Amino acid sequence: MSSVLQVTNLSKTFGHGDIFRDVSFTLNAGETIGLFGPSGCGKSTLGRCILGLEKLTKGSVLFEGKDIFRLDRKERSCLQAKMQMVFQHPEVSFDPRRRLIYSVTEPLVYHEKGESEYVLHSLLPLIHAVGLHPGILDKYPGQLSGGELQRAMMVRIYSLSPHLLIADEPTSMLDMSVQSQILNLMKEMQKKNSTACIFISHDPEVMQVMCDRIGVMSEGKCEIMNKNNFSEWMQPLLVMDTMEKDH
Amino acid sequence: MSECTLSTQVRKISISIQKSDWLYRFKMRRDLQVACVLIVIILIIGFFAPDIAPQNPNITDLEGKNQGPTADHILGTDYLGRDLFSRVICGLQTSLEIALATIVISFIIGVTIGSFSGYQSGWIDNVIGRIIDVFLAFPSVILALALMMLLGSGVLNMIIMLSIVQWASFARLTRGQVLAEKNQEYVLSAKAAALPGWWTMTKHILPNCIMPVIVLATIDIGHAILTIATLSFLGVGIPPAIPEWGSMINSGLPYMRIAPLNVIVPGLAITCVTLLFNITGEGIRDITDPKTDNEGSL
Amino acid sequence: MHQYIVMRTGYLILTLFIASVFTFCVVNAIPGEPAEVLAKHLFLGLEESAPPELIAEVSARYDLNKPLIEQYSEWIRGILSGNLGNSIIYNKSVGKLLELYLPPTILLTSFAMTFAIITGIALGIASALHQNKTADHLIRFITIFSISMPSFWVAVMLILIFSLWLNLTPVAGYGEPKYIILPLIALGLHSMASIARIMRTSMLDTMEKPFIIFSKAKGLSRKKILFSHAFKNAFLPVLTVIGMSFGSLLAGSVIIETIFTWPGIGALLMKAISARDLVVIESTIMVIVFMFLIVNFVIDILYHVIDPRITYE
Amino acid sequence: MNTVLEVMDLNVTFPTRAGAIRASQQVSFRMQKGEISVLIGETGSGKSVIGLAVLHLLPEAAIISGKINYNGREILSMSEKEFSRFRGRDISLVPQNPSGSLDPLMRCGKQISESLEIRGISNLKQSTEVENILSNLQFSDPKLTAASFPHELSGGMRQRVTTGIALASEPKLLVSDEPTKGLDYSSRKTSMKMFLHLKHIRKDTHLLITHDLDLARMIGDTIHVLYSGEIIESGPVDEIFSDPHHPYTEGLIAALPRNGMKAMPGMCPGLIDLPSGCYFYSRCPYQCEQGKTIHPAIIPVNGRRSVRCHRFSR
């Protein structure tokens, strides 16, 4: 199978220092690569650069063989619709002044020029699949919990049937039981659509459950490891294993 | 960010309930309702001023000049014997005409330039930001004075001049709002969904940051009325034939001791109209901005 | 920090430069040949038309027939070398005039500003501490009313009430403390009210911040919470408003000085405008803009001193 | 027995336009001297409300009933003035959201010495005392930290500074409200280390409110699990983790990534319209018949433990 995403020598400089430099990896359909590092190490910026939300300093991103920065506007928009992002704070990921129903149907309404009634109808199976009651979509984002919003986000994203999903700490603001629901849902959806995924997180345990390979970011460098190497590498980091209760 | 203490959590819940219908908050604010009704009344009076005024505001009567209140002239007459009450009512028309036109023009110019600048960023934003700064570096009345000398007096010139003076504050506010809003995750998520810039701007960013600008516009109507009065008090701006509150006070000054109503009444009129717009502006801010939850009047 | 001051100074000079070009253009583009207006004003009555020879003579004497750019560069060169040019109607150098007229203005505005800041802050805090009680309602009503009154009318009303009716203060004049009271209040009232209003809002905002609640949990006394935590944080937005209201104060001084015949640059400007004394108009406007920019410059620096969070880029 | 804190039948309700939010219902527990009690629960379980109630920091709109005894004195009904003698001196708080809880315009050292001042420590001794406290909190360079402004520190460091402020006044009861919320993995780990260290050197009586199971397990002695404003299970830490009785506790433990991240179905009911039967009924894997209509009472099991579940009521 050909690679969905090919990242070569990606670098980003801001102000005086590098945020990251020479990051390279390829990603196949259905595969998940993790980006691990403490807060402020530049992992979110890397995700945004790949998506084209921020400008790169150096390097290239090939998505399905095409460089998104070298395309004209129309082609770029088509291609970008196939790569989607989930953000860290579900409560601000939706326009606070619009009912959820508008935000969820918006991408399809724009890209397929469909009527919102019709779009909603076509999305109903997806809405049920993520475990949301359609009635909830009539509310405003401020009235819902983080878990519900993150589910709605999955509907919005998968409505475009993306080939690549970048998840930027999608559950770090959520409770443990909600986290397990959302992550399981993400895995399931990913399997069904064989979406490639870049999973950004600072939690090594979640990392191990979600990812096939893991890129550890520190001091601007990104080292890609497979799962076994990663669990060896992070052994000293794990809380419960290193510290016995009786010290 | 999910917030900290419980008080904010609880407030968030009640806000989210109320956010969808700020009409509820409007219903709670008696003072705001009264102010809105009064503004409508004032607009009507301003619009039909010549018909409402009991007498022609420009008919002079040198026999009965500087009179106190009489049956004919309920507020007395000025130094040329013109009916004070009628002149005050017609002055309302002049002020409202200029102020409303000014605010509409400078609102459109300011919001367009400000949102463009804020969304673009980079050197375009820098240049526009500098220009806004220069306009704001002039105390407004000074700039207005200089411009009035350039343009000469007249209602139309007054509108042009005030628009030049006021667009910058709208532009600065809009620019700041857009700058803050465009890095919100929901805007990024719209970008990530490959929605184009104009779509994001008109459907998400502007609707989310326009409310403070509307509040500013409401308060600035009052501000414009003050500036108009100040300029015509100084003798620039409005030709003497048109009844205007500022110039009425100015012409009443020499006779202040014998006919004090000529300086008191127009000033009260200015104050009341400005007060109404100020109260309404702040009221709109209170009911639309969930952060300031100051119940109570005024 | 030093870097920031240097950068900010650069901005200040740039803004001043653009403002000077702007002022010069506006003033010199005033309709009617300046030479003609001048000739009428100086040598003839205003109704008569000036003979061409006279206009030519006036033009030559005051360098009015040169191209605008040259006039501008000469003006700027003059300012930089300390020579502001000569007033036409006063027959004095503008430098001398400013020497004479600037101190009263500085006196009046600084007194008015002090009055506005002190009363404004006091009223704002009092209002915030008695939120939604009678005192609060009263203060809010007084301040919103003060904001809505035009300052010239306040001046007129003060004269009417205190000088004409009650005979407590003199109508106008300069030189003794009693002369400054009315202009001071008329000028400072508007700024006082806006400072009080922002102080109240900011104080209430700050009082709900988590760190205030935490200070309470720490067991600090109410006084300590108010003055060492709440006030300092609440003061930052007030600082910005103080800077802005200094602008309206300066603008207000033009009117207030005219009404109270206070011998300051505001009154000078009004006289110069009616006499079309271009050099004086330009210079006084520039002085006012300069003062406004300097005050805001200082406030900006102050802001950075108080608030360590702002980084200097 | 040396009971420091006793909470009895605490009910907290917030009236809103949409209805009353029942944030806390019939919460009762007691704490011995030197004990670390953990209130564990997720968003909306009402755990923070209890901490704030102990400290008299609930918003005025809250309707509160029940009793809180601190060292034998009823503190819930005290006036603000009476209670302010306890705050900071006897009971102190480690707040949630350390970033917002520090005064941005004041150096961290100064903020800690404010607490020392309450204890009456002279100005001269304050700076050494501050450094002492900071080095106890696992700071490598206490002097530098004391001289920093809050924005110059990372989230984890700010969390430890707020803990330092709370400890500086030598409280007899420490209430910490979600101390690890929003921290990334490594700062969370350092904070845990710090709490463990403090537990060994200080033996504070500590009411820990958290959603972090690892933290609870590492430093807690007794655990009270909260769900929808009620305590649904309590008992010693080891027993609860090794043999959870309530299906919700079971589900929570199974949802940890290292335990396979098994998801519980459904969501917590809203606090405004709670179901009439067992609040957990719709998500419960056992779904016993009584749960549909009858709300279970909390019942003791084996002496030291108690659980709110119909399966144990026979």
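This is a predicted model: local features need pLDDT of at least 70, side-chain atom pairs count only at pLDDT 80 or more; totals for chains, interfaces and linings use all residues.
User: Happy to start with the overall picture. What is the secondary structure of chain C?

Analyst: Chain C has twelve helices and zero strands. Following the sequence, its pattern reads α-α-α-α-α-α-α-α-α-α-α-α. Of the 313 residues in chain C, 51% are buried. Taking contacts in chain C between residues at least 6 apart in sequence, 72% join residues at least 24 apart.

User: Which residues in H5(C) and H10(C) meet?

Analyst: From H5(C), the contact includes C:Thr105, C:Leu108, C:Ala112, C:Met113, C:Ile117 and C:Ile121. Among their counterparts in H10(C) are C:Leu226, C:Phe231, C:Phe235, C:Ile242, C:Phe246 and C:Leu249. The residues of this contact between H5(C) and H10(C) divide into 14 nonpolar, four polar and two charged.

User: Now for the interfaces. How do I put a size on one?

Analyst: For chain C and chain B, the buried area is about 4500 Å², with 76% of it from carbon and sulfur atoms. In chain C, the residues losing the most area to chain B are C:Ser148, C:Phe152 and C:Trp153, together 13% of what that side buries. The contact joins 54 residues of chain C to 47 residues of chain B. Among the five pairs of chains in contact, chains B and C share the most contacts.

User: What area is buried between chain A and chain B?

Analyst: About 2400 Å² is buried between chain A and chain B, and carbon and sulfur atoms give 57% of it. On the chain A side, A:Leu53, A:Arg97 and A:Tyr110 lose the most area to chain B, together 23% of what that side buries. This contact takes 32 residues from chain A and 24 residues from chain B. Chain A and chain C, on the other hand, do not touch, and their nearest C-alpha atoms are 9 Å apart.

User: How many residues of helix H11 of chain C are buried?

Analyst: Nine of the eleven residues of H11 (residues 265-275) of chain C are buried, so this helix is largely enclosed by the rest of the structure. Its buried residues include C:Ile265, C:Leu268, C:Leu269, C:Met270 and C:Ile273. Just after H11(C), C:Arg276 has a positive phi of about 55 degrees.

User: What do the buried residues of H4(D) pack against?

Analyst: The buried residues of H4 (residues 108-119) of chain D include D:Cys108, D:Gln111, D:Ile112, D:Glu114 and D:Leu116. They pack against H9 (210-218) and H10 of chain C, together with H5 (123-136), H6 (142-146) and H7 (155-168) of chain D. Just after H4(D), D:Gly120 takes a positive phi of about 85 degrees.

Methods: Residues are numbered from 1 along each chain as its sequence is written. Chains are lettered from A and ligands numbered from 1 in the order in which they are written. Side-chain values use heavy atoms; hydrogens and water are left out. Contact means heavy atoms within 4.5 Å. Helices (H or I, at least four residues) and strands (E, at least two) are DSSP runs, numbered from the N terminus. Ala, Val, Leu, Ile, Met, Phe, Trp, Tyr, Cys and Pro count as nonpolar, Asp, Glu, Lys and Arg as charged, and the others, Gly among them, as polar. Buried means under 20% relative accessible area, exposed over 50%, partly exposed in between (1.4 Å probe, protein chains only). Buried area is the accessible area (1.4 Å probe) that two parts lose on being put together, summed over both.
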